[in-house]
Amino acid sequence: MEQNLYYMMHSTSDHKTELIKALSSLNKQYAGIVRRKPPGEDRWSPIMVLEHIILTERSLLGGLPNPEDMEPVRRTLGNKISYGITSYVFNLHLLLPVPELALYPKGEYDIDELSSMWDENHKWLRAFITEAPRDCLAENYFTHKIAGPMNIQQAMSLNLAHIVMHEFQLSHIFMELNVQTPLLPYEPST
């Protein structure tokens, strides 16, 4: 389990780095492009997608609580099924309505502010994975509105699939805005 956690933590960090780099680069190349929305009602700008990714990760991590205050949550068979379906949908890159109002982006942050928020998430995550007692890693401390309770590995797996799903969304947004980018979706070297 721990090896998978470290892999997912580094993979998530790689996606974070490349996504921030890609959006920053495109924003310099096409002034203000990250705030432009494609045509259509209730569409998101690239900066809104980035904000949603970070808010969702923070929500999945329980809002970055003090580890001593965390309580395990009972996981039912229904939760296990919901988790499997949610993970499957994320891996299909299907965009669904945002399940919580708190995760709906406002588009008020800039790239540097969002990068700092993401760094906070990863600092907390790194500390939890490296400092928590090993038996805590299997406990269901984390929840998703639809997927239900999960342990840190399941939360990280869902988070990574969520990030990749939105990288594809960003790629489509930029195509609609007539911006060519080979940078999205990010594909790690093997």
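Which side chain does the side chain of His52 make a polar contact with? The partner is the side chain of His166, at 3.4 Å. A polar contact here is a pair of N or O atoms within 3.5 Å; within protein, one must be able to donate a hydrogen and the other to accept it, and residues adjacent in sequence count only if both atoms are side-chain atoms.

Some ground rules. This is a predicted model: local features need pLDDT of at least 70, side-chain atom pairs count only at pLDDT 80 or more, and totals for chains, interfaces and linings use all residues. Residues are numbered from 1 along each chain as its sequence is written, and side-chain values use heavy atoms, with hydrogens and water left out.

Now the overall fold. The chain has 5 helices and 2 strands. Helices (H or I, at least four residues) and strands (E, at least two) are DSSP runs, numbered from the N terminus. Along the sequence the order is α-α-α-α-β-β-α. The radius of gyration is 17 Å, close to the 16 Å that the globule rule gives for 190 residues, so the chain is as compact as a globular protein of that length. That radius is taken over C-alpha atoms, and the rule is 2.2 Å times the number of residues to the power 0.38. The C-alpha atoms fill a box of roughly 50 × 35 × 30 Å along the principal axes.

Next, burial and surface. Of the 190 residues, 47% count as buried. Buried means under 20% relative accessible area, exposed over 50%, and partly exposed in between (1.4 Å probe, protein chains only). The chain exposes about 10100 Å², and carbon and sulfur atoms supply 52% of it. Take contacts between residues at least 6 apart in sequence: 77% join residues at least 24 apart. Contact means heavy atoms within 4.5 Å.

Charges, briefly. There are 16 positive and 23 negative side chains. Lys and Arg count as positive, Asp and Glu as negative; His and the chain ends are not counted. The centres of the two sets lie 3 Å apart.

Back to His52. This residue is found in helix H2, residues 46-60. Is His52 buried or exposed? His52 is buried, with a relative accessible area of 4%. Leave aside neighbours within four places in sequence, and His52 is in contact with Trp44, Val98, Leu103, Pro105, His162 and His166.

Two loop residues come next. Phi of Asp42 is near 55°, a positive value in a residue other than glycine. Asp42 lies in the loop between helix H1 (2-29) and H2. At 59% relative accessibility, Asp42 counts as exposed. His93 is not a glycine, yet has a positive phi of about 65°. The loop between H3 and helix H4 (111-131) holds His93. His93 is partly exposed, at 31% relative accessible area.

Then Thr76. Where is Thr76 found? Thr76 sits in the loop between H2 and helix H3 (77-91). Thr76 is partly exposed, with a relative accessible area of 29%. Thr76 and Ile146 are 70 residues apart in sequence and 13 Å apart in space, C-alpha to C-alpha.

Last, Thr181. This residue is in the segment after helix H5 (152-176). Thr181 counts as buried, at 13% relative accessibility. Neighbours within four places in sequence aside, Thr181 is in contact with Leu26 and Phe174.

Definitions and conventions:
Areas by Shrake-Rupley, 256 points an atom, 1.4 Å probe, with all protein chains shown as cover. Charge placed at Lys NZ, Arg CZ, Asp CG, Glu CD.
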